[in-house]
Amino acid sequence: MKVKDKQFSTETSKQESQLAIDQIETLTEEQQQELLEKYDAESNMRRVAGMMKWVIYIGLLAFSLFQLYTAVFGQFTAYIQRTIHLGFGLTFVFLLFPAFKKGKKDNIPFYDYILAIVAAVTGIYWTINYERLVSSLGTISQMDFIVGLIVIVLVLEAARRAVGLPIAIIASLFLVYAFFGPYMPDFLAHRGQTLEQIVNLMYYSTDGILGTPISVSATYIFAFLLFGAFLVKTGVGEYFNDLAIAVAGKLIGGPAKVAIFSSALQGTISGSSVANVVTSGAYTIPLMKRLGYKKDFAGAVEAASSTGGQLMPPIMGAAAFLMVEFIGRGVTYWDIAKAAAIPALLYFAGIWIMTHFEAKRLGLRGLTDAEMPDRKMIWKKLYLLIPIVLIIVIMMFGVPVIHSALYGIIACIIVGFFNKDITFGAREIIDALVDGARTALAVAAATACAGIIVGVVVKTGLGLSLANSLVDLAGGKIFLTLFFVMIASLILGMGAPTTANYVITSTIAAPAIVTLLAPDVSQALVPITVLLSAHFFVFYFGIIADITPPVALAAFAASGISGGDPIKTGLHSAKLAIAAFIIPYMIVFSPSLLMIDVTIWQVLWVAFTAMMGMIAIGAGVIGYWYRPINWLERLIVIAAGLAMIYPESISDFAGLIVFGIMFILQLLSKDKGNKTNSKKLNTTTN
């Protein structure tokens, strides 16, 4: 009888615990959409009904089918491929994105119909006049000039709506600079461009709007956005959360580690930090709060983790695809993904370590067995990861990026038919094609606008002028130059999306780093490791601007879920992501982290010392290791951590010795910390 009573009691406890988990207040879909529209310009779309809903639906489907056709059977010539892609993008930006953030979302005003029609006409202008324009040898007619001028205005307005005002202002300033070059200060002066020359450069050459950024958008980026849409439809997105709970839920401070793990995986689907925060944070943030994390810290964990999603291979942010083209020299996307692997692992390890120490400091527990989902069912669904694993494997064997995405899409469709927990058929496949095209609209607008910036930089020589000025300002000191580039990247990242930020900084700031790392070497002879180091430096800081106050959009979105203070959440997220402020410097000073032209032993040593350094810094920042540590101990372990991270043998060994001593002292006095934790844990549990 006692055994039966005990079993009954256990079962009742499990049911109550599971009920408590199920009753956690998460955001509804409407609340999630409201947050996205508030902090993510790319999500601020109209929701039209009636006939126009289906017109837009069919149009977006046609956009995806065009992209798939060219991916399978080969692209059209550069001008036709890019202008049709741009035409589709601009047309649907004006139909789906309101002119003002708080504009009506249920209908389309007459002027947006006009803009959409004009955008569609300009999009096919190149196709209709291709032979004449190609044979004109750079001379354009009056009609060509008018069409080109209209396209520039449309691109700026589309970018303002779909991406944000800052990028439109920046691009406009670059156009003004191109025109008023002779009147600029000496170090910025150039001969200037006439209005006709500017229009010719922007729309009738492959150096402006139709340049490298839109080329990447029309090929690699679109293919992977489609892949992400298919991952969502096949249930992989939801599975990421379940898998994260199965892996990390029972660990100390489990919900925070679930957030880190799931956000790293969600980055495979979403290229937006804010979208990642809202998608995974809608569940993880309330769960963290329920188990004892303060609301500002809970929001910060999700913001820092979600922002890192763009840094995690195999599918990174859109800027990583641009990096392939900007660096050139035979560098493939797989080279970029492989180079990003160790830095990304260090980034997430840093957040993991600090949340672990914070959980120990507060005495927070993980989920109990009763609160955990059925892990056997989760492990049985590992087949849902086949599309991602397939992409990694085939890219390793040299399959072109765009074909890798296509194989991934096919794998998603096959996996979708085997997932019995969802409805998956022809309708879901078509919906995925439409969703992928809808996601691509903001990217098309951003890359087209970024093309304006690149065109001006290339034509005027501004990149070289600013790079030299930056080096002179820093007195030729590499560390000071890196600091100035970091500040510039963070400031730009507060107003411009990652893609545009990377385009600007890679053309203006990255050359300054290259100049110092490889002086007196022509561009064609600069070592690949130097180019990758410089580009990864600006890439990283452009991304983590999303969690750097005062404008930390990912942190603001997280605070909207947690109910915390946006600025405090931003400060906490920047503290948690301290690794992201250190790793770019490590990459520059120790390129072996990129796993290029190094032995496995060099990679392992650098990764080991860096990881030990992260543990030391994490303990120092949080103020807890095996027990609470005072300010003097915190300063010592932080100094030891920085010494281990700095790429010099002497500093590595010195840091390891101090680290070892502090570690032993912690072990000898850990019982004191354990007693304190037990009291806190009992209080939290009760």
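**View 1. Asp435 and Arg438 form a salt bridge, with 3.0 Å between the closest N and O atoms.** A salt bridge here is a side-chain nitrogen of Lys or Arg within 4 Å of a carboxyl oxygen of Asp or Glu. The model is predicted: local features need pLDDT of at least 70, side-chain atom pairs count only at pLDDT 80 or more, and totals for chains, interfaces and linings use all residues. Residues are numbered from 1 along each chain as its sequence is written, and side-chain values use heavy atoms, with hydrogens and water left out. Both Asp435 and Arg438 belong to helix H20, three residues apart, or about one turn of the helix. Helices (H or I, at least four residues) and strands (E, at least two) are DSSP runs, numbered from the N terminus. An α-helix has 3.6 residues a turn, so residues three or four places apart point the same way. Asp435 is partly exposed at 27% relative accessible area, and Arg438 is partly exposed with 27% relative accessibility. Buried means under 20% relative accessible area, exposed over 50%, and partly exposed in between (1.4 Å probe, protein chains only).

**View 2. Lys233 forms a salt bridge with Asp435, the closest N and O atoms being 3.8 Å apart.** This pair links distant parts of the chain, with Lys233 in helix H10 (residues 212–233) and Asp435 in helix H20, 202 residues apart. Lys233 is partly exposed, with a relative accessible area of 25%.

**View 3. Glu428, in helix H20 (residues 426–460), is buried and has no salt bridge.** The nearest side chain of opposite charge is that of Arg427, 6.4 Å away; Lys and Arg count as positive and Asp and Glu as negative, while His and the chain ends are not counted. The Glu428 side chain reaches the backbone nitrogen of Gly425 at 2.8 Å. Residues up to four places away in sequence aside, Glu428 touches Lys233 and Thr423, where contact means heavy atoms within 4.5 Å.

View 4. Arg160 is partly exposed, at 25% relative accessible area.

**View 5. The side chains of Thr284 and Glu302 are joined by a polar contact of 2.6 Å.** A polar contact is a pair of N or O atoms within 3.5 Å; within protein, one must be able to donate a hydrogen and the other to accept it, and residues adjacent in sequence count only if both atoms are side-chain atoms. Thr284 lies in helix H13 (residues 273–290) and is buried, with a relative accessible area of 1%. Beyond four places in sequence, Thr284 touches Val258, Ala259, Ser262 and Glu302. From Thr284 to Gly299 the C-alpha separation is 9.2 Å, across 15 residues of sequence.

**View 6. A nonpolar surface patch consists of Leu149, Val176, Phe179, Phe180, Tyr183 and Leu195.** Together these residues have about 580 Å² of accessible area, from the Shrake-Rupley method with a 1.4 Å probe, where only the protein chains shown count as cover for residues. Patches are made of residues with over 30% relative accessible area and no salt bridge; like charges are joined within 9 Å, and nonpolar side chains (Val, Leu, Ile, Met, Phe, Trp, Tyr) within 5 Å. Leu195 is in helix H9 (residues 195–203) and is partly exposed at 42% relative accessible area. Gly192, in the loop between helix H8 (165–179) and H9, counts as buried at 13% relative accessibility. Neighbours within four places in sequence aside, Gly192 is in contact with Ala178, Phe179, Gly181, Pro182 and Gln197.

**View 7. Helix H23 (residues 498–508) is largely enclosed by the rest of the structure, because 11 of its 11 residues are buried.** Among them are Tyr502, Val503 and Ile504.

**View 8. Helix H26 (residues 553–562) is mostly covered, with eight of its 10 residues buried.** The buried residues include Phe556 and Ile561.

**View 9. Pro313 and Pro314 are joined by a cis peptide bond, with omega about 10°.** Pro314 sits in the loop between helix H14 (295–307) and helix H15 (318–327). Most residues other than glycine have a negative phi, and most peptide bonds are trans.
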